[in-house]
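Dear colleague,

I am passing on the structure that we spoke about, so please have a look at it below before you read on. My notes on what was found in it follow.

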Amino acid sequence: MNFSSQLLQWYRNNRRDFPWRRTKNPYKIWLSEIILQQTRTSQGLSYYTKFTDKFPTLRDLATAKEEKVLKLWQGLGYYSRARNLHASAKYIHQELKGVFPNRYNNLIRLKGVGPYTAAAVSSICFKEVKAAVDGNVYRVLSRVFNIETAINSTEGIKIFQKLADELICHKEPGDYNQALMDLGATICKAKNPICDVCPLQSKCIAREQKIADKRPVKTKKSKIKNRFLNYFCVEYEKQFFMKKRTENDIWKKLYDFPLKEVDCVTEELKQGDIEVIQSIIGENTFTLQKTRQYEHKLSHQKLHINIYYIKSHTKIRKNGFIKVNQHEAMKFPVPKPIEKFFKELFKGLDNKG
Ligand code: SF4
């Protein structure tokens, strides 16, 4: 039996059941693929349910406010995915009259859709013969065929795509793609692959040579950058000062507090911090209520965050900020550390009555 037949036979008896596998609706499949980029299936599942409940059709998503989409995405990270998802939904709804692109070459033109997602959607929904290559697929192929080229090198990407295109089943390309992903996720796992039950064991070179733990090969990641962010949560009579992030930086279009990026974070306020506070509240006096510290990891950055909770003693002008109350603050899409801070703060305020 050849590679794809063995794989498909295994898949028929072992496929994982997910809500997006019970439909061929391209909107829902696309949504699931965007959510699952850089996200574990267990975490993605609840977001998929939330999104399909709130936006059951492409039209519902396209006509929603971007802030609502970002709020629903909150906690999943990589927010550009949510912004691109929304922009593409609007594009399909307005420019393509709601008709979902049904070819790889058109899907890949959508914002946030790369070769993997375009191949997954076109093969699963429209039976187009396109191999989808994700981390699971890299792992299985590198082991079965003992490929030593790094999977994150330009050459490696080409080699693996070519091999995957040669192996794909032309009759059932969608099932084939999903089978390979499932095999990688459940049997040919990164650590301790379960070779004894693997349908490809008789073909697998890495198994025979006992080098599965050495495949795939990856070149070293770029260095993680440390950043130190001082946030100032300024309150006057239960009104908080916030702003929408616009710069081309992390968390674009989410809401946060006045911010100063520094070389290191300390619990006490430094002169530079006081200047920032005064640029918000003028010459008014204030009290530093408390300081909270958070660490937050992104793919290439480690954020060391201080949030200073400051109460102004007198009324202050907006100075370009948005004033929100507790209820409004919880509705805004905010970065995870600010969400944590608010939850703790509001719990304390509620307990005080
Ligand atoms: S035999 Fe083992 S290493 Fe080879 S593909 Fe199967 S699970 Fe992976």
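To begin with the two domains (their bounds come from an automatic or database domain assignment), nine residues of domain 1 are in contact with 14 residues of domain 2, where contact means heavy atoms within 4.5 Å. Please keep in mind that this is a predicted model, in which local features need a pLDDT of at least 70 and side-chain atom pairs count only at pLDDT 80 or more, while totals for chains, interfaces and linings use all residues. Residues are numbered from 1 along each chain as its sequence is written, and side-chain values use heavy atoms, with hydrogens and water left out.

The assignment places domain 1 at 3-214 and domain 2 at 225-352, and their C-alpha centres lie 37 Å apart. Between them the two domains bury about 990 Å², with 52% of it on carbon and sulfur atoms; buried area is the accessible area (1.4 Å probe) that two parts lose on being put together, summed over both. Two salt bridges are counted between domain 1 and domain 2, a salt bridge being a side-chain nitrogen of Lys or Arg within 4 Å of a carboxyl oxygen of Asp or Glu. Lys244 also forms a salt bridge with Glu67, and the closest N and O atoms of this pair are 3.7 Å apart.

Which part of the chain might you look at next? Helices (H or I, at least four residues) and strands (E, at least two) are DSSP runs numbered from the N terminus, and two strands pair if DSSP finds at least two bridges between them.

Strand 1 pairs with strand 6 (residues 301-312) in the parallel sense over eleven bridges, and Asn226 stands opposite Lys302 of strand 6. With strand 4 (residues 259-262) strand 1 runs antiparallel, joined by four bridges, and here Phe228 faces Val262. Strand 1 and strand 2 (residues 239-244) pair in the antiparallel sense over two bridges, forming a hairpin with two residues between them, where Glu237 in the turn has a positive phi of about 45°.

As for confidence, the chain averages a pLDDT of 93, pLDDT being the predictor's confidence in each residue, from 0 to 100.
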